[in-house]
Amino acid sequence: LFGLCDSLLLLRKGGQVVFFGELGPSAENLVRHFQGLPGVPAYTRNMNPATWVLDVLGSPSPPAPDLAQHYRHSPLAQTTLATLQSLRDSSGSPAPHRPPTPTTAAVAEERSRYAAPLGRQFREVGVKFFRSYWRCPQYNFTRLVLAVATGLLLGLAYLHTSIATAAGLASIISVQYLSVVFTGMTNTHSVMTVVATERAVFYRERAAGMYSSLVYGLVVR
């Protein structure tokens, strides 16, 4: 969601502007603006820039110089002020207000309740969860270790089992069933922490009409 924004107006406590301008690809302009200031936590590639900038604002020991003062004297602030001034000078008389016609009102009512079609919802939610999992190496490593350990344990237990007999064939089928069930149970248990973290975000985005519950459920599975 944060990556879909082109520009950002960021205020600190008291209504002071600490950043106003374009974010750039992967929020590189935002990171470049704060990176290097004393007291600012280091930014790494696997971090969420939105979470990182909130940590910067909520740091118990504010960096020196002050974030608001740093922005006022930064080239970004001068560029933004010059852009606003040029837009103010080039703006003409405001366009007259036109009430919506019955045709446009009917078209608006026929639009979907969601902001994007189904294919776009799958793509955006899939990219969102891919990045979320990518930023959780501990969770991915835990699932990998459990899968490998389960495969080795069950595979070695039935290593020399022959399928020439009915008992041996039944044992092989049973261990296949057991491996699928056990792996699914462990994955379901380990994903609960991720789902609990994303639950509040899901309720807010679903209420805003960004995507349907069906898309979210299919992508999570």
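**Helix α6 and its salt bridges**

Modeller: In this predicted model, a search of the whole structure finds three salt bridges. Gln121, Val125, Phe129, Ser132 and Tyr133 are the buried residues of α6. Seen down the helix axis, they fall within an arc of 90 degrees, so they line one face of α6. Their cover includes α7 (137–157), α9 (192–207) and α10 (213–220). On the face turned away from this buried side, α6 carries the exposed residues Gly119, Phe130 and Trp134.

Arg120 forms a salt bridge with Glu124, with 2.8 Å between the closest N and O atoms. The two residues are four apart in α6, and therefore about one helical turn separates Arg120 from Glu124. Both count as partly exposed, Arg120 because its relative accessibility is 38% and Glu124 because its value is 30%.

Lys128 forms a salt bridge with Glu198, the closest N and O atoms being 3.8 Å apart. Lys128 lies in α6 and Glu198 in α9, so this pair ties together parts that are 70 residues apart in sequence. Lys128 also meets Glu205 in a salt bridge of 2.9 Å, N to O. Glu205 likewise lies in α9, so this pair ties together parts 77 residues apart in sequence. Lys128 is partly exposed at 22% relative accessible area, whereas Glu198 is buried at 13% and Glu205 is buried at 5%.

Key: Residues are numbered from 1 along each chain as its sequence is written. This is a predicted model: local features need pLDDT of at least 70, side-chain atom pairs count only at pLDDT 80 or more; totals for chains, interfaces and linings use all residues. Side-chain values use heavy atoms; hydrogens and water are left out. Buried means under 20% relative accessible area, exposed over 50%, partly exposed in between (1.4 Å probe, protein chains only). The arc is that of the directions from the helix axis to the C-beta atoms. Contact means heavy atoms within 4.5 Å. A salt bridge is a side-chain nitrogen of Lys or Arg within 4 Å of a carboxyl oxygen of Asp or Glu.
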